[in-house]
Amino acid sequence: MASITGAQIMLAARGTRAVMIGLLGTAMGVSTLVGSLLANKLIDIIPTGMLIADALVLFVVSQVPLLFVQSYAAILICQILAGLPFPALNAGLLGFLYGKTPDNMQGRASAVFETTVGILGAACPAMMGVAVACSVAGLAISLAGPLRSIPTPERWSEVAL
């Protein structure tokens with residue numbers, strides 16, 4: 001994730017002790033683990049489109065304070081909050097993507113998705129402005145009607161791509 005890498009680079013440039021930078025990654029990992037415990041339940045009760053939108057909104061909201069405050073405590077809290085929605089986002093988004101992709105197209109879909117994410121992920125750590133712009137774009141996309149109308153997994157077969 002670009003925001004945690006950017007935060008780690010910023011903290012290292014400030015001379016923050018390595019153990020404190022490592023604690024940031026650990027806290028993010030623990031919050032993602034907690035989020036993964038919730039994701040399975042959330043994916044079954046919240047329509048997938050709304051789940052994706054809500055997760056992206058929570059991520060953007062968790063990062064906004066970093067535009068104004070760059071203390072270690074603020075970074076730690078914001079990254080913990082950012083980690084919570086990612087498992088549900090991945091379960092909904094990737095589950096829908098691969099659930100609706102025909103078996104003979106799975107490899108192509110995976111290559112396109114992973115290449116796009118990989119390129120953006122490699123470029124973003126050095127460009128926090130791009131990370132903010134991507135967050136705002138993700139928020140705008142998540143509020144679009146078609147995305148929010150994706151139903152829960154048991155009704156995916158009713159959806160046309």
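Residues count as buried under 20% relative accessible area, as exposed over 50%, and as partly exposed in between (1.4 Å probe, protein chains only). The model is predicted, so local features need pLDDT of at least 70 and side-chain atom pairs count only at pLDDT 80 or more, whereas totals for chains, interfaces and linings use all residues. Residues are numbered from 1 along each chain as its sequence is written, and side-chain values use heavy atoms, with hydrogens and water left out.

A search of the whole structure returns one salt bridge. The term denotes a side-chain nitrogen of Lys or Arg within 4 Å of a carboxyl oxygen of Asp or Glu. Arg-155 and Glu-158 form such a bridge through their side chains, at 3.2 Å from N to O. Arg-155 is partly exposed, with 42% relative accessibility. Glu-158 is exposed, at 56% relative accessible area.

Helix packing was examined next. Helices are DSSP runs of H or I with at least four residues, numbered from the N terminus. Axes are lines fitted to C-alpha atoms over the stretch in contact, and angles run from 0 to 180 degrees between N-to-C directions. Helix α2 spans residues 18–45 and packs against α4 at about 25°, with the axes 7 Å apart. The two helices, α2 and α4, are therefore roughly parallel. Angles under 35 degrees count as roughly parallel, over 145 as roughly antiparallel, 65 to 115 as roughly perpendicular, and the rest as oblique. The crossing of α2 and α4 is right-handed.

A nonpolar surface patch comprises Val-64, Leu-67, Phe-68, Val-69, Val-132 and Val-136. Together these residues have about 540 Å² of accessible area, computed by the Shrake-Rupley method with a 1.4 Å probe. Patch residues have over 30% relative accessible area and no salt bridge; nonpolar side chains (Val, Leu, Ile, Met, Phe, Trp, Tyr) are joined within 5 Å, like charges within 9 Å. Val-64 lies in the loop between α3 (48–63) and α4 (72–83). Val-64 is partly exposed, at 37% relative accessible area.

Leu-58 is located in helix α3. Leu-58 is partly exposed, at 36% relative accessibility.

Definitions and conventions:
Left-handed = near helix turned anticlockwise from the far one by under 90°.
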